[in-house]
Amino acid sequence: MKKNFWIRIEIVVITIVAWAVLDCVIVKMWQYWQPWGFDNDRLVCVDAIKRHAGDVYLQDKEYKQLMEKLQQLPEVESLCQYAGIGNGGSTYMNYVLNEDTVSLHVSCTSAENPGFSTYGIKVIEGDVSDILSVYDNQFLPVAITRSTAVKFYGTTKVIGRIFTDSRGETKYRIIAVVEDIRHKIFSQATCGIIEFLPIFNNGTSRKYTLCLRLRSDMNPRRFLAEYTHRLNSQEFQTESYYLRNFMTFKDMQRINGENEIQQVRYYLIMTIFFFISLCLGTIGTFWMQTKRRTDEIAIRRAFGATRWH
């Protein structure tokens, strides 16, 4: 009985630990399969790397020329500068929305080319076709997601609403409401606010990632196989920039989420180990009970008992 008692205790402990680990795996996989809120199937990422520091105006001109060259490729439907959307690229900032101070995920994109059509982000309310025309010295134009609008205003009809950062230094005007956009590969959290900056390529970074949306009949991997050599050539190089690191958007998401992917794999291996231990413990318990009963039955039969006793 004492041996069985400890085996039962072991089974209970293993069951609790296995369920705790399995619960984490289930939650992570549920988050993984949630809709992104944008279309990442036909996106390809390319890094425009700056050769050296120099005249910012000239570099900005060459950068735009490089984008125009990429846009002219027959397989490219549209392109924009990568805004960190859907890839953990956003950060937390504090805002005062409807008198509530809250911390929200925020992403920044270019007002000149916000990339909503490139990402396939659905605009529910408002207009993002000409953001530069709504710029003034008082308010920074932003878009907010559906869940953020409903949570703090109770409706998606929030175009024109004004809010500030937590210190009251910057004022924002809502010009659009978009569908919820997932923050990263293993997360249910959404990007709450998208800020539109007048100049995205400000000359301070050495690398800018461009997102290319391919036409519906072009597979991203086929595009990379056919165009990688050409994109590496002199045709797509300027005095200030050259292109490198070509990959699909989904591959970039997987690379940036590699630590979380490894964590899920680790949890999955632990779950399998604990369930095997649980099965072996259960089998061992039944075997010991059967063996003890077999010995008892043998003694009883030796003293003349029948199978019905």
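The secondary structure of the chain comprises seven helices and eleven strands, taken as DSSP runs numbered from the N terminus (helices H or I, at least four residues; strands E, at least two). The model is predicted: local features need pLDDT of at least 70 and side-chain atom pairs pLDDT 80 or more, while totals for chains, interfaces and linings use all residues. Residues are numbered from 1 along each chain as its sequence is written, and side-chain values use heavy atoms, without hydrogens and water.

**Overall form**
- The C-alpha trace spans about 105 × 55 × 35 Å along its principal axes.
- Of the 309 residues, 43% are buried (under 20% relative accessible area, with exposed over 50%, partly exposed in between, and a 1.4 Å probe on protein chains only).

**Aromatic rings**
- There are 13 aromatic pairs, defined by ring centres of Phe, Tyr and Trp (its six-membered ring) within 6.5 Å; planes under 30 degrees apart are stacked, over 60 edge-to-face and the rest tilted.
- Tyr 95 and Tyr 172 pair edge-to-face, at 5.5 Å centre to centre with 70 degrees between the planes.
- This pair joins strand S3 (residues 91–97), which holds Tyr 95, to strand S8 (residues 171–178), which holds Tyr 172, 77 residues apart.
- Both Tyr 95 and Tyr 172 are buried.
- One aromatic cluster is formed by Trp 36, Phe 38, Tyr 82, Tyr 119 and Phe 249.
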